[in-house]
Amino acid sequence: MVTLRNIVKDYSADGQLVRALDGVSLEVAAGEFIAFVGRSGCGKSTLLNLAGAMDFPTTGEVLLDGISTNSRDDSALTKLRREKVGFVFQAFQLINTLSVVENVELPLLLAGTNHARQTAVERLSSVELACLENRMPHQLSGGQMQRVAIARALVNNPKILLADEPTGNLDTATGTVILDLLKRLTREQKTATLMATHSAEAAAVADTVIELRDGKIARIIRK
Amino acid sequence: MRNRAFCAAFLFATFPMLDVPYRVALPGYRYEFPRDFFAHSSFQTEWWYTTGNVKTPDGRAFGFELTFFRQAVSRDESKHDAWDVKDLYLAHLALSDLDGGRFYQSERVNRTGPGIAGVSAQDGKVWNGNWFALWSKDGTQQLRAQNDDFQFAFSLKSEKLPVIHGENGISQKSEGVGRASHYFSQTRLVTNGTIELKGKRHTVSGLSWMDHEFFTHQLAADQVGWDWFSIQLEDGTELMFFILRRRDGSIDPYSAGTYVDASGKSTHLSAADFSLTPEGAVWKSTATGTTYPIQWRLVVPKLDVALEARTRLPQQELMGGTRLAPSYWEGAVEFTGLRANTSLRGSGYLEMTGYNHPIQLIK
Amino acid sequence: MTGNAKLFWRLMMRPLAREPVRLGLAVIAVALGVAVVLAIDLAGTAATGSFHSSLETLASNYNLEVTATGGVPEQIVGQLATLPFNFVLSPRMEDVAVVSETKKTVVLLGLDLINEANILQTESRKLETGNPYAGEDLSKGFFADDSIWAGSGLGRKKGQQVSLIVGDREKTFTVRGVYDDKNQPAIIMDIAAAQRALGRTEKVDRILMRVPDGQNVDSWAKQIASILPPGMEVRAVGTSTEENRKMLAAFRWNLKLLSYIALIVGAFLIYNTISVSVVRRRAEIGIARALGANRAEILFAFVGEAAALGIIGAAIGVPLGRIMAAGAVKLMGTTVNALYVSSRPGPIQLGFTSVLTAIAVGIGVAVVAAYAPAREAAQVTPVEAMARGRREFIVRVHKTRDFTIALVLAGAAWASAKAPAVGGKPLFGYFATLLVIAAGTLAIPAAVSTVIRASSRFLKKSGVAALLASRSLLGSLRRTSVLVGALATAVAMMTAVGIMVGSFRITVIQWMEGEVPADFYVRPAGNPSVDRHPTISPELADKFAALPGVEAVDRLRAYEISYDGVPTTIAAADLHGTQKRGRTDFFSGRPSEDVLEELRTGNSVVVSEPFTYKHGVKRGDTISLKLGTSLASFRIADVYYDYGSERGFVLMDRSVMKKYLPDDAPSNLAVYVTNGADPRRVREEIEQAARDYRVLIFSNGDLRHEAIKIFDKTFAITYALEAIAVLVAIMGVAGALLALVIDRKRELGLLRFLGATGAQIRRMILAEAALLGLLANVAGLLLGFALSLILIFVINKQSFGWTIRFHWPVAVLSGAISLIFAATVLAAFYPARIAMRLNPVEVVHEE
């Protein structure tokens, strides 16, 4: 579902070239849950951004559901994201001025899909938050917020789910619930789920754990 | 300084001399009073000239001068609005504070305008602004004038009839028909009145002299100035002389004089009858740089009179601020001398013109 | 202290440099506000400070003047000259001439050039006119009727011929000399020639006097007046200038206040800028506090930031104001000439005080506007230094409380609008406008949230961009409210003035229907002015009347007088009641015929509405007027509406006027065409009859058209002021949206993650601008309507005395508002572009 072929990604920071990823190749199938571990700056987030069509590799190729992100313009990438990708963030990234259900339906609205509200409500019940649809984000607990974020990430039935430290802002118990939810939804929705994390407990949930070091794959642990 | 240049130009060039033939002074003119006290508009130039020596009861002496000039500019019949300039009126006012050693003077020029200046036989008045001479029915004359320094008001009563100078009604000034003026004087005017100087009021009395002369273009080109004397002697007689100076420094033979005896009878004196010579003191004006002889000797063999003229105040020079008239010296003088070996005193006025520039128009 | 200064610099000033655009906009807002205030101040002084300036400078050495309606009989000059006082007199003819070639109006001064020589003597200095006849060859033509001395400003050389239109005649004059006129172009003639040229023999226009110092000028004036006929006005020189200045006070005062609108709008923006600074730098404030800065220092830091903006703004504003003043002075000059008094604007003088005031105002406004947010900054606790994760500072907005205060203020405004004028100035009226603006501003948060909430369903339907925009605006309600408030205030003032001017315009047009009934109007050539009344040769009126096709010719003669210390026009007209005569509206509601009959038969006059207002008189009262040599009493038969001039107007029958001033020359003629005659033919006949005269002939339509043109010119400056205020507000919108974009970087980036296209982001920002614009325009319209009522019925009435009927100037308003709306949206393009170009990866992961 997600294919990375010999990816190199360079950033320039303060005039200096920084190599974030250095020759990474990877293949993630539908329904597969992969966790990336490694120190801060090892290239986890960069890898997720490339997999989410948010960025282009310097060299190499990213294929999402068989479609290369190379040589595509901004609107084509956006279209790709709308149809195939869902994001979950460490800090939940809900829009404070929108209600729970509005947050969830936002990707559909942006994509101009019909029956957005209905789909959003369904997604909310799939994360067991049907009763909170009209709350505002600041009225929710952290776990609830992340569940709303997950509902939002999956509202467009994406083939790829990207989660960047989804439990980083949560206590352990809540984190476990969220990880279970992610795993369950990966199975149910048949998404290729890529998760970046620091936490060993979180990594433990994944089917495969890939350790990155200095932009290279250091180790792959399959369960 | 441009103003001064202008004013000189004004004086010498303003008046178109020949656009209308003005009447000239010719022999046989018949005087008639009070008519002849007032204006003679058919002549181009006319003046009323009052000078006098007065004293306060405690002996403080003043000399004064109030002169009205009329100069015809135009006789254009088509212009008859009040502001149209037919005559220009100049006037000089001076006060000599003989004991205070100060000389005050001012000058003004006006058009007739709507009653600003003029001569009115009907009202018995000659005036320029608020300076005026006013004749009442009984012949007395009121004289009033003021400026920022002083003001005076005099009542003048003549002891004698007007004296007509020259011969056959004209005072010939140079060779040629019409080069003459009609000229008469009131030689003994008993004067009473007040002078207010710098806010202080003085009651004064004394004697004044009034000249009235009208003519058109009287002087010859080589006459550069004149010296004029009015002499009021203690014995009740008066003398008037003028000598006309020529460019070459000589005295013109048309210089003349008049003797008035105590009864008022006058005798014409021709140039041969007297001698007038500057003698002794001169005064140089710091303002104009002109030098004036201020001490004179007068001898009239015919009358057995020899007089010395001196002034107590040398700086009696009139300099027009408007520069409409040239500067000249006119001031109170005193006379001492002998008549038939009897000592004689008198007072009067001396006028000296043309020491600065040749006089061409006014006197 | 140095420590604090460093702290201040590092934490507060340095971040400023990171947002040059937004700060630049704030500085420009202050600069524009300061510039407008300064420009109006300078232009006001220049345009209204020098009436008849040429005449007055040529009169500078005199302290008393004698004038009379219709001129001073010239005998008075002789009378004064012979009084036993040491007066210096200068009788004068004073008028204007038009240089045929350039069509420029210049002062025409008739002097007694002989007498001026005396003045030379007493002044012992140069003639004040610069001695026009210096160096002149006087032997020829000195006193000729065609002799003139030209001011150097006219650019003529000695000996040249100049063609001048004087009154209704054009003549050729010869320049006898040129004098240095010190930039006050004038033509000097001898008084005799001037009288004839002006057709006013036997009268002089003014006698200037210098009286001795011994007693004061007023007591001299009294003493001299007691000698002269009762109709003579004897007063200190400069009285009329003073009177004019007083007359213009209301005009200047109103413009001045109007000029502050841009500054007030600027204040909103400063408030907004500083608020944003405070929100952005909460963490820095917390650090500073944790490091030992006390509250006062924090307060000082932010007030200082505002003061810095104020200083920079003022520094730009002062030169800008000086430049704008040049334009303003032209516009103001037009108004002054059209409505009050003819004057040439004086030079613009940028005085130390004006500059200082402008700078003080700029800084003051900035500091006052910044105080509230700065105080909020001072409340930040050191703990917040650690609150790094807290991205949005949730500002409490007391919607309900503010709305209640707004209602109270509105009530106070209502009461204030009912209060009478204070010393001729509608102080309470101004106060009411301030209260209305304050009330409006306070009501805006409640209004904004109510409106957005109410329209949320509709907004959602119009797309996700609109939904997000509306939510974003609601989410930062305070900021939104300030922006809407600023723009709404500008829109409100524009609407209010627009409604007032529009109402006034329509009122004037309707009034003219009744007041301008004749087919043709004739007046002397030359530039019209309200306080000069050049005349037409009387025989010309007779010629017109005798033309076939002319039914009647009405003659109107106007004079300038000073009534009760106020410049006033007094006029006489043929009131014989032509059939076609228009219907003048009188206060009593009586038919015109009845009123006019009363004027014909008795010593009665009608007066204009502004006259009654200025002098506190009404129908039935008796007024005394100095006419010719007499002081005569008249009964006010009625009061009529007059929008032609702000000055008072007294109208009487011509037969009545002629008893006092037997001058037949009319100032204006109204020609009525016989029914059935061809107006075009008649016009040709009139033009033929007037071929030797320099008169202007206006058809009825022309005259109305010209009147409206003058009217529009008059209000040009008001529109210019409005436009600047609106411009400032729109700049504010741009700046604020930019801030909004920067503050919402994360959210904007997130939206990209969630599948938003760049175009969607741009649309969202534009939608926000559109919403802001829409809200501001609606609020501004409502507020403007309230303000317009105050302007029309309180401020205008109390300042000028006009009764204006309310009208909606629909076309102008809808045009202006669409324009503002469009400009607001356009102003959002730059912030929208910034928003589009944000790198979502960076902004989302930044914190």
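This is a predicted model: local features need pLDDT of at least 70, side-chain atom pairs count only at pLDDT 80 or more; totals for chains, interfaces and linings use all residues.
Student: Why is Glu234(B) called exposed?

Tutor: The relative accessible area of Glu234(B) is 59%, and because exposed begins over 50%, Glu234(B) is called exposed.

Student: How do you know that Arg345(B) forms a salt bridge with Glu234(B)?

Tutor: The closest N and O atoms of Arg345(B) and Glu234(B) are 3.9 Å apart, and the rule asks for a side-chain nitrogen of Lys or Arg within 4 Å of a carboxyl oxygen of Asp or Glu, so this pair is a salt bridge. Arg345(B) lies in strand S25 of chain B, whereas Glu234(B) lies in the loop between strand S14 and strand S15, so the pair ties together parts that are 111 residues apart in sequence.

Student: What makes Asp712(C) and Arg505(C) a salt bridge?

Tutor: Their side chains meet at 2.8 Å, N to O, and because the cut-off is within 4 Å, the pair meets the rule. Asp712(C) belongs to helix H22 and Arg505(C) to helix H16 of chain C, so parts that are 207 residues apart in sequence are tied together. Asp712(C), at 33% relative accessibility, counts as partly exposed, and Arg505(C), with a relative accessible area of 29%, is partly exposed too.

Student: How do you know that a salt bridge lies across the interface of chain C and chain A?

Tutor: The rule finds one salt bridge across that interface.

Student: Which residues supply 27% of the area that chain C buries against chain A?

Tutor: Chain C and chain A bury about 2,300 Å² between them, 61% of it on carbon and sulfur atoms. Arg471(C), Phe753(C) and Leu754(C) supply that 27% of the area on the side of chain C, more than any other three residues.

Student: Why is the pair of Phe89(A) and Phe753(C) called edge-to-face?

Tutor: A search of the whole structure finds 43 aromatic pairs over all chains. For Phe89(A) and Phe753(C) the values are 5.2 Å centre to centre and 90 degrees between the planes; because ring centres must lie within 6.5 Å and planes over 60 degrees apart count as edge-to-face, the name follows from both values. Phe89(A) lies in the loop between strand S6 and helix H3 of chain A, and Phe753(C) in helix H24 of chain C, so the pair joins two chains. Both Phe89(A) and Phe753(C) are buried.

Student: What makes the pair of Phe241(B) and Phe274(B) tilted?

Tutor: The rings of Phe241(B) and Phe274(B) are 4.5 Å apart, centre to centre, with 45 degrees between the planes, and because stacked means under 30 degrees and edge-to-face over 60, the pair is called tilted. Phe241(B) lies in strand S15 and Phe274(B) in the loop between strand S17 and strand S18 of chain B, so the pair ties together parts that are 33 residues apart in sequence. Both Phe241(B) and Phe274(B) are buried.

Conventions. Residues are numbered from 1 along each chain as its sequence is written. Chains are lettered from A and ligands numbered from 1 in the order in which they are written. Side-chain values use heavy atoms; hydrogens and water are left out. Helices (H or I, at least four residues) and strands (E, at least two) are DSSP runs, numbered from the N terminus. Buried means under 20% relative accessible area, exposed over 50%, partly exposed in between (1.4 Å probe, protein chains only). Buried area is the accessible area (1.4 Å probe) that two parts lose on being put together, summed over both. Rings of Phe, Tyr and Trp (its six-membered ring) pair if their centres lie within 6.5 Å; planes under 30 degrees apart count as stacked, over 60 as edge-to-face and the rest as tilted.
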